[in-house]
Amino acid sequence: MLSVRDLRKSYALGGQTLQILQGVSFDLAAGETLALTGESGSGKSTILHLVGGLDRPDAGQVVIDGRDIGAMSDKQQAQLRRTTLGIVFQQFNLIPSLTVADNIAFQARLARRHDPSYAADLASEMGLADQLTKYPEQLSGGQQQRVAIARSLAAKPKIILADEPTGNLDETSADAVMAVMNQLVRETGTAMLMVTHSEKIAHAMDRRLHLSHGQVA
Ligand SMILES: Nc1ncnc2c1ncn2[C@@H]1O[C@H](COP(=O)(O)OP(=O)(O)OP(=O)(O)O)[C@@H](O)[C@H]1O
């Protein structure tokens with residue numbers, strides 16, 4: 001479902017070059033869940049951005065569902081993101097002028113896969129049933145995070161890319177949200193690549209990829 005080969009990425013900072021990824025390779029099978037761990041600054045979010053086509057690598061290859069994203073235009077990558085990927089990043093990127101219900105449906109509508117009853121079920125499993133007519137600014141950070149998770153799942157993607165999706169939640173809510181995410185990805189055969197600092201969450205996933213010094217340790 002996802003194949004990453006020899007991915008390299010550096011950033012220029014104040015006349016210096018920071019080598020962040022120095023040849024990272026891994027695969028993610030359909031339906032598999034993979035935890036991405038490593039110390040702060042090790043390049044975990046950078047990998048998610050490169051896999052999601054939000055940034056381009058210096059070298060290396062990302063193949064999603066058989067398609068090499070490096071060979072695609074920005075427009076083609078955006079199309080692939082809409083149809084194949086569910087993205088939950090640290091900034092939730094909710095649309096302020098849309099209600100919670102419309103935010104949850106947003107990506108599914110773009111992908112022409114909006115299923116109102118599935119979206120409503122997701123909202124209630126995420127504890128958002130009473131929030132559907134509110135706007136993002138009226139929600140807490142943890143509620144906004146759950147809207148972003150529900151939005152990514154509602155579009156029934158093949159792969160979910162998630163960057164610490166429960167980072168803003170207390171432990172009980174985080175456990176509940178992770179349980180729903182794990183159950184749904186298993187039921188629907190969705191693959192998931194998730195950055196986490198939590199041992200408990202990493203442990204509950206099929207496999208772990210630990211980054212250290214720019215490489216898979
Ligand atoms: N656009 C950028 N320009 C310069 N440096 C950057 C840029 N984006 C990331 N970096 C640097 O690259 C390194 C890796 O960042 P990244 O966000 O991928 O780490 P991370 O493992 O996700 O960290 P955390 O666990 O703290 O979220 C960091 O040192 C960061 O400062």
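Reader: How many bridges join E1 to E4, and do they run parallel or antiparallel?
Author: Five bridges join E1 to E4, and the two strands run antiparallel; strands (E, at least two residues) and helices (H or I, at least four) are DSSP runs numbered from the N terminus, and two strands pair if DSSP finds at least two bridges between them. Within this pair, Arg8 stands opposite Ala59 in E4.

Reader: Before I go on, what should I know about the numbering and the kind of model?
Author: Residues are numbered from 1 along each chain as its sequence is written. This is a predicted model, in which local features need pLDDT of at least 70 and side-chain atom pairs count only at pLDDT 80 or more, while totals for chains, interfaces and linings use all residues.

Reader: OK, in what order do the strands form the sheet?
Author: The order is E2-E1-E4-E5, four strands in an open sheet with antiparallel pairing. The edge strands, each pairing on one side only, are E2 and E5 (67-68).

Reader: And what's in the turn between E1 and E2?
Author: E1 and E2 form a hairpin with two residues between them, and Gly14 in that turn has a positive phi of about 50 degrees. Ten bridges join these two antiparallel strands, and the bridge partner of Ala12 in E2 is Thr17.

Reader: Last topic: is Val100 buried or exposed?
Author: Val100, in helix H3 (residues 100-110), is buried because 26 other C-beta atoms lie within 10 Å; a residue is buried with 20 or more such atoms within 10 Å of its own C-beta atom, exposed with 12 or fewer, and partly exposed in between, with C-beta atoms placed from the backbone.

Reader: Which residues is Val100 in contact with, leaving aside neighbours within four places in sequence?
Author: Val100 is in contact (C-beta atoms, placed from the backbone, within 7 Å) with Leu128, Gln131, Leu132, Lys134 and Val147. By contrast, the C-alpha atoms of Val100 and Glu171, 71 residues apart along the chain, are separated by 23 Å.

Definitions and conventions
Two residues are in contact if their C-beta atoms, placed from the backbone, lie within 7 Å.
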